[in-house]
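Good morning. Please have the sequence and the structure open, and follow along as I go from one region to the next.

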Amino acid sequence: RAINRADAVYCSSAYTSEWFERTYRFDGPIHVIPNLLDEDMLTSVAPQDLRPSLGLDNDALLIYMPSATSRLKGGDYWLSIIHCIAAASPGPLGFYVPGQPPRDFSLDTIDLPENVRLAMPGQQPYAEHVAAVKCCSLGISPSLIENYSMALLEAVICGVPMLAFDTGGNSAIIRDGHNGYLTPLGDLEAICTHAVSLLDPGRLAALQQRTREYSQRELSAQKTL
């Protein structure tokens with residue numbers, strides 16, 4: 001009844017627009033306008049490298065895994081991904097997993113590979129989170145459902161390539177080989193294959209450069225507006 005009084009509907013992605021049309025009867029116009037980043041704020045945040053606090057060298061791989069302890073965000077997969085990449089890594093590497101873990105979650109019960117260093121700061125100010133993301137080598141989001149992920153968008157605008165499942169609105173942000181890779185939903189082997197390939201410093205550096213250029217050109221709020 002409320003929607004029938006609306007003049008128009010705005011959705012954050014083609015995915016949410018499709019589901020709106022499946023769910024509701026609405027005769028008015030439906031527009032897609034992606035969520036916008038405050039790019040000036042994002043640019044103003046200075047990087048804050050987590051590697052020293054994790055006992056890692058400056059050139060060690062540091063992987064961002066947004067909200068990975070949440071089940072819908074890939075909580076059933078993240079440890080398998082960590083083990084897979086750690087087994088292929090020639091040296092120590094780190095994982096940055098922000099957000100609030102479940103109440104029954106305990107680091108003491110996790111069997112981590114010896115070469116893995118884990119940063120789980122919990123809830124923190126937005127600027128501190130962005131500062132940490134900017135120093136990550138790449139990111140992996142094994143989320144099972146997304147609308148238009150701000151975590152993915154923030155990361156790629158900062159030049160951090162993201163690996164994610166091809167679900168929800170992820171394809172509106174990630175373009176294969178340009179700013180990361182999309183894999184079929186639940187295909188852990190494909191995500192791990194891409195991640196392991198980025199252990200090659202030259203390949204990773206090239207993708208990071210393409211990520212920054214493509215994302216700032218194609219996903220900028222200026223272009224969207």
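Is Glu218 buried, partly exposed or exposed? The model is a predicted one, and in it Glu218 has a relative accessibility of 29%, so Glu218 counts as partly exposed. Glu218 also has a partner: Glu218 and Arg217 form a salt bridge, and their closest N and O atoms are 3.1 Å apart. Arg217 is partly exposed as well, because its relative accessibility is 48%.

Let me stay with salt bridges. How many does a search of the whole structure find? The search finds 5. I will show two more of them.

One is in helix α1, which covers residues 14-23. There the side chains of Arg22 and Glu18 meet, with 2.4 Å from N to O. Arg22 and Glu18 are 4 residues apart, which is about one turn of the helix. Arg22 has 54% relative accessibility and therefore counts as exposed. Glu18 has 38%, so Glu18 counts as partly exposed.

The other is the salt bridge between Lys73 and Glu146, where the closest N and O atoms are 3.0 Å apart. This pair links distant parts of the chain, since Lys73 sits in the loop between β3 and α4 and Glu146 sits in the loop between β6 and α6, 73 residues apart. Lys73 is partly exposed, because its relative accessible area is 26%. Glu146 has a relative accessible area of 8%, and the cut-off for buried is under 20%, so Glu146 is buried.

While we are in the loop between β3 and α4, look at Thr69, which lies there too. Thr69 has 11% relative accessibility and so counts as buried. How far apart are the C-alpha atoms of Thr69 and Pro98? They are separated by 9.0 Å, and the two residues are 29 residues apart along the chain.

Next, the aromatic rings. Searching the whole structure gives 4 aromatic pairs. In one of them, the ring centres of Phe20 and Phe26 are 6.1 Å apart and the planes are at 75°, so this pair is edge-to-face. Phe20 and Phe26 are both buried. Another pair is Tyr64 with Tyr96, and this one is stacked, with 5.7 Å centre to centre and 25° between the planes. Tyr64 is in strand β3 and Tyr96 is in strand β4, so the pair ties together parts that are 32 residues apart in sequence. Tyr64 and Tyr96 are both buried. Going back to the phenylalanines, Phe20 and Phe26 form one aromatic cluster together with Tyr24.

Now please find helix α6, residues 150-157. How many of its 8 residues are buried? The count is 7, so the helix is mostly covered. The buried residues include Ala151, Leu153, Glu154 and Ile157. What covers them? Among the elements that do so are α2, β3, α5, β6, β7 and α8. At the start of α6, a side-chain oxygen of Ser149 comes to within 3.3 Å of the backbone nitrogen of Ala151. After the helix comes Gly159, which has a positive phi, near 90°.

From there, move to Asn179, in the loop between β7 and β8. Is Asn179 buried or exposed? Asn179 is buried, because its relative accessible area is 0%. Its side chain makes a polar contact with the side chain of Ser215, at 3.3 Å. Leaving aside neighbours within four places in sequence, the residues in contact with Asn179 include Val156, Pro161, Ile173, Leu207, Tyr214 and Leu219. One of these, Val156, is also on the list of buried residues of α6.

Last, the surface. Which residues make a nonpolar surface patch of about 360 Å²? They are Leu72, Leu144, Ile145 and Leu185. Leu185 is in the loop between β8 and α7. With a relative accessible area of 51%, and a cut-off for exposed of over 50%, Leu185 is exposed.

Terms used:
Residues are numbered from 1 along each chain as its sequence is written. This is a predicted model: local features need pLDDT of at least 70, side-chain atom pairs count only at pLDDT 80 or more; totals for chains, interfaces and linings use all residues. Side-chain values use heavy atoms; hydrogens and water are left out. Patches are made of residues with over 30% relative accessible area and no salt bridge: like charges are joined within 9 Å, nonpolar side chains (Val, Leu, Ile, Met, Phe, Trp, Tyr) within 5 Å. Accessible areas come from the Shrake-Rupley method with a 1.4 Å probe; for residues, only the protein chains shown count as cover. A salt bridge is a side-chain nitrogen of Lys or Arg within 4 Å of a carboxyl oxygen of Asp or Glu. Helices (H or I, at least four residues) and strands (E, at least two) are DSSP runs, numbered from the N terminus. Buried means under 20% relative accessible area, exposed over 50%, partly exposed in between (1.4 Å probe, protein chains only). Contact means heavy atoms within 4.5 Å. A polar contact is a pair of N or O atoms within 3.5 Å; within protein, one must be able to donate a hydrogen and the other to accept it, and residues adjacent in sequence count only if both atoms are side-chain atoms. Rings of Phe, Tyr and Trp (its six-membered ring) pair if their centres lie within 6.5 Å; planes under 30 degrees apart count as stacked, over 60 as edge-to-face and the rest as tilted.
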